[in-house]
Amino acid sequence: MTTSHVIELKSLSKTFGNVKAVSDISLDVADGSFTSFIGPSGSGKSTLLSMIAGFDQPTSGTIRLHGKDVSKLPSSERNIGMVFQNYALFPHLSVFENVAFPLRVRNMDARTLTSRVHEALESVGLKGFEARWPKQLSGGQQQRVALARAFVFGPEVLLMDEPLGALDKNLREHMQSEIKALQRRLAVSVIYVTHDQGEALAMSDNVVVMSDGRIQQVGAPAEVYRRPQSKFVAQFLGETNLLEYDLVSRGLSGPIGRLANGAAFVLPDNITDAASGTLSLRPEEIEFADPAESGCRHARIEETVFLGDCMRCRVDYQGLPLWVKLPATVMRSVPRVGQNVALHWNEASLVPLDD
Ligand code: ADP
């Protein structure tokens with residue numbers, strides 16, 4: 001049967017004693033896509049991955065791999081590659097033999113095996129490292145060997161659990177682009193687990209945000225970042241200002257809301273009819289404006305934080321604290337703490353949240 005989904009999860013749950021690690025998850029993962037599961041520690045990401053890999057049995061629900069129900073198959077009978085944070089290389093095997101391992105298990109003939117191993121090592125930039133032992137490699141090189149070992153046998157999907165967690169920031173960013181480039185070149189489906197929101201946004205076609213064993217939101221990185229549906233997603237994926245409002249009226253120019261500081265403003269059209277609600281306003285959506293501009297809002301700078309490529313300012317907007325993030329290009333003209341400023345934001349950048 002042909003299907004455009006590499007993985008289909010249906011009502012998947014996993015309970016350990018009285019802990020519901022994964023609760024009723026249903027999700028289709030497109031073939032050839034890069035999908036990241038992101039959420040705080042304990043949100044069920046590893047348990048979910050472990051069930052897809054076949055290391056943990058679901059308490060209920062099904063897992064399909066290219067349309068075939070693999071829920072009850074042992075891990076060895078699922079054609080899946082895995083990469084973990086701790087590399088898990090065999091210390092007593094050379095780089096060549098580490099990568100050859102999954103092919104030997106599959107009884108591949110020696111000639112094909114040798115050429116496959118060389119090809120895989122070349123793909124991860126480790127040509128010439130065949131005879132080394134894992135302990136003679138840096139962390140980044142070890143992770144490349146683990147990666148080569150995970151895809152050398154042509155798995156239907158690659159599962160990665162915090163694979164870059166042990167690397168320093170620069171190497172991590174470098175490896176992110178390498179993994180992404182490799183995934184595109186091999187056209188392999190990747191399911192990636194991370195708690196690093198920047199990593200998930202940078203690498204993925206789709207981001208699945210989890211908390212308490214449940215999916216909170218699924219979408220393309222820009223969509224979940226710009227259109228978070230809940231307070232949890234808005235706060236977990238980046239920084240935001242949460243604005244609580246009361247609905248005052250539904251005027252001709254759109255619904256009118258009032259903030260806790262008494263300021264009235266036009267609400268987005270798609271808010272519900274509830275008497276009150278919350279909006280998300282990303283700090284980078286707020287600009288400093290000309291005080292003479294009509295409709296701008298007057299505030300006072302309370303705190304500035306220099307971040308290199310940008311500056312974060314906490315302002316007092318008539319009793320309401322707001323964070324504003326300014327790019328380096330406008331930073332030089334930014335007034336100092338205690339000065340009055342005018343703020344401007346686009347109505348379209350106010351995002352109504354469910355809860
Ligand atoms: P994450 O990967 O998002 O950090 P996990 O999937 O590791 O989350 O854990 C989800 C929940 O399940 C946590 O509350 C964790 O303590 C619990 N859990 C995970 N594995 C086990 C286990 N083997 N036995 C008992 N509880 C577990």
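Both Tyr 317 and Trp 345 are buried (under 20% relative accessible area with a 1.4 Å probe, protein chains only; exposed is over 50%, partly exposed in between). The model is predicted, so that local features need pLDDT of at least 70 and side-chain atom pairs count only at pLDDT 80 or more, while totals for chains, interfaces and linings use all residues. Residues are numbered from 1 along each chain as its sequence is written, and side-chain values use heavy atoms, with hydrogens and water left out.

The structure holds five aromatic pairs (ring centres of Phe, Tyr and Trp, the last by its six-membered ring, within 6.5 Å; planes under 30 degrees apart are stacked, over 60 edge-to-face, the rest tilted). One of them joins Phe 90 and Phe 101. This pair is tilted, at 4.7 Å centre to centre and 55° between the planes. Phe 90 lies in the loop between strand 6 (80-84) and helix 2, and Phe 101 in helix 2, so the pair ties together parts eleven residues apart in sequence. Helices (H or I, at least four residues) and strands (E, at least two) are DSSP runs, numbered from the N terminus. Phe 90 is partly exposed, at 25% relative accessibility. Phe 101 is also partly exposed, with a relative accessible area of 37%. Tyr 317 and Trp 345 form an edge-to-face pair, 5.9 Å centre to centre with 85° between the planes. Here distant parts of the chain are linked. Tyr 317 sits in strand 17 (residues 310-317), and Trp 345 in the loop between strand 19 (340-344) and strand 20, 28 residues apart.

The largest nonpolar core has 35 residues (buried Ala, Val, Leu, Ile, Met, Phe, Trp, Tyr and Cys joined through side-chain atoms within 4.5 Å). Val 99, Val 117, Leu 147 and Met 160 touch the most other members. At least two residues each come from helix 2 (95-105), helix 3 (110-123), helix 4 (139-151), strand 7 (157-161), helix 5 (169-186) and strand 8 (189-194). Helix 4 gives the most, with six residues. Contacts of Val 99 (heavy atoms within 4.5 Å) include Val 117, Ala 120, Leu 121 and Val 145, not counting residues up to four places away in sequence. A second, separate core of 26 residues includes Val 6, Ile 7, Ile 25 and Leu 27.

Strand 8 is mostly covered, with six of its six residues buried. Ser 189, Ile 191 and Val 193 lie on one side, and Val 190, Tyr 192 and Thr 194 on the other. Strand 8 pairs in the parallel sense with strand 3 (residues 34-38) over five bridges (two strands pair if DSSP finds at least two bridges between them). Phe 34 stands opposite Val 190 there. Strand 7 also pairs with strand 8 in the parallel sense, over five bridges. Val 193 is the bridge partner of Asp 161. Strand 7, helix 5 and strand 8 make a right-handed β-α-β unit (with the strands pointing away from the viewer, the path from the first strand over the helix to the second runs clockwise).

An open sheet of five strands has the order 13-12-11-14-20, with antiparallel pairing. Strand 13 (264-266) and strand 20 (351-353) stand at the edges. Each has a single partner strand, so one side of each is left without a neighbour in the sheet. Strand 12 (residues 254-259) and strand 13 run antiparallel and are joined by three bridges. Arg 258 stands opposite Ala 264 in strand 13.
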